[in-house]
Amino acid sequence: MYPGIDPEPVYAAKAYKGKVVLSCGASRGIGQEISVTYAKGGATWSLLARSSETLASVKDSIIKV
């Protein structure tokens, strides 16, 4: 991993603490990855998707972070 794109320092510093992220299309793909990444960085999040079943699995993975 290149130092300029390594997310671990952001995760360790909780750089997004105090920020709120609204992620549309959060049940899969880029929306899911964005949601998980910001959650690992300490952000509070709101997730939106068309399917509540797939969204529940994303929610569970974020809560485990």
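Lys and Arg count as positive and Asp and Glu as negative, while His and the chain ends are not counted. The legends below describe a predicted model.

**Figure 1. Overall view of the protein chain and its charged side chains.** The protein chain of this predicted model carries 8 positive and 5 negative side chains, and the centres of these two sets are 6 Å apart. Its secondary structure consists of three helices and two strands, arranged from the N terminus in the order α-β-α-β-α. The C-alpha trace extends over about 35 × 25 × 20 Å along its principal axes. A compact globule of 65 residues would have a radius of gyration near 11 Å, and the protein chain has 12 Å, which agrees.

**Figure 2. Surface and interior of the protein chain.** The accessible surface amounts to about 4,600 Å², and 58% of it belongs to carbon and sulfur atoms. Of the 65 residues in the protein chain, 23% are buried. When contacts between residues at least 6 apart in sequence are considered, 55% of them join residues at least 24 apart.

**Figure 3. Close-up of the aromatic pair formed by Tyr16 and Tyr38.** One aromatic pair is present in the structure. The ring centres of Tyr16 and Tyr38 are 4.6 Å apart and the ring planes stand at 50 degrees, so the pair is classed as tilted. Tyr16 belongs to the loop between helix 1 (8-13) and strand 1 (20-24), whereas Tyr38 belongs to helix 2 (residues 29-40); the pair therefore ties together parts that are 22 residues apart in sequence. Tyr16 is partly exposed, its relative accessible area being 27%. Tyr38 is likewise partly exposed, with a value of 30%.

Figure 4. Lys14 is located in the loop that runs between helix 1 and strand 1. Most residues other than glycine have a negative phi. Lys14 is not a glycine, yet its phi is positive, at about 50 degrees. The relative accessible area of Lys14 is 38%, which means that this residue is partly exposed.

Figure 5. Ser23 has its place in strand 1. With a relative accessible area of 5%, Ser23 is buried, because residues under 20% are counted as buried. Beyond the residues up to four places away in sequence, Ser23 touches Gly31, Ser35, Ser46, Leu47 and Leu48.

Figure 6. The loop between strand 1 and helix 2 contains Ser27. This residue is buried, at a relative accessible area of 12%. Apart from neighbours within four places in sequence, the contacts of Ser27 are Gln32, Ala49, Ser51, Thr54, Leu55 and Val58.

Figure 7. Leu48 forms part of strand 2 (residues 44-48). Its relative accessibility of 39% places Leu48 among the partly exposed residues. Residues up to four places away in sequence being set aside, Leu48 touches Leu22, Ser23, Cys24, Gly25, Ala26 and Leu55. Leu48 and Tyr16 are 32 residues apart along the chain, and their C-alpha atoms are separated by 19 Å.

Figure 8. Ile62 is a residue of helix 3. At a relative accessible area of 4%, Ile62 is buried. The residues it touches, those up to four places away in sequence not being counted, are Ser35, Val36, Ala39, Trp45 and Leu47. Ser35 and Leu47 are also among the residues that Ser23 touches. Between Ile62 and Ile5, which are 57 residues apart along the chain, the C-alpha separation is 21 Å.

Figure 9. Helix 3 (residues 52-63) includes Ser57. Ser57 is partly exposed, with 44% relative accessible area. Ser57 and Thr37 are 20 residues apart in sequence, and the distance from C-alpha to C-alpha is 15 Å.

Technical notes
Residues numbered from 1 in each chain as written. Predicted model: local features only at pLDDT ≥ 70, side-chain atom pairs only at ≥ 80, totals over all residues. Heavy atoms only, no water. Phe/Tyr/Trp six-rings, centres within 6.5 Å; stacked < 30°, edge-to-face > 60°. Helix = DSSP H or I, 4+ residues; strand = E, 2+ residues; numbered from the N terminus. Buried < 20%, exposed > 50% of the residue type's maximum accessible area, 1.4 Å probe, protein only. Rg over C-alpha atoms; globule rule 2.2 N^0.38 Å. Contact = heavy atoms within 4.5 Å. Areas by Shrake-Rupley, 256 points an atom, 1.4 Å probe, with all protein chains shown as cover. Charge placed at Lys NZ, Arg CZ, Asp CG, Glu CD.
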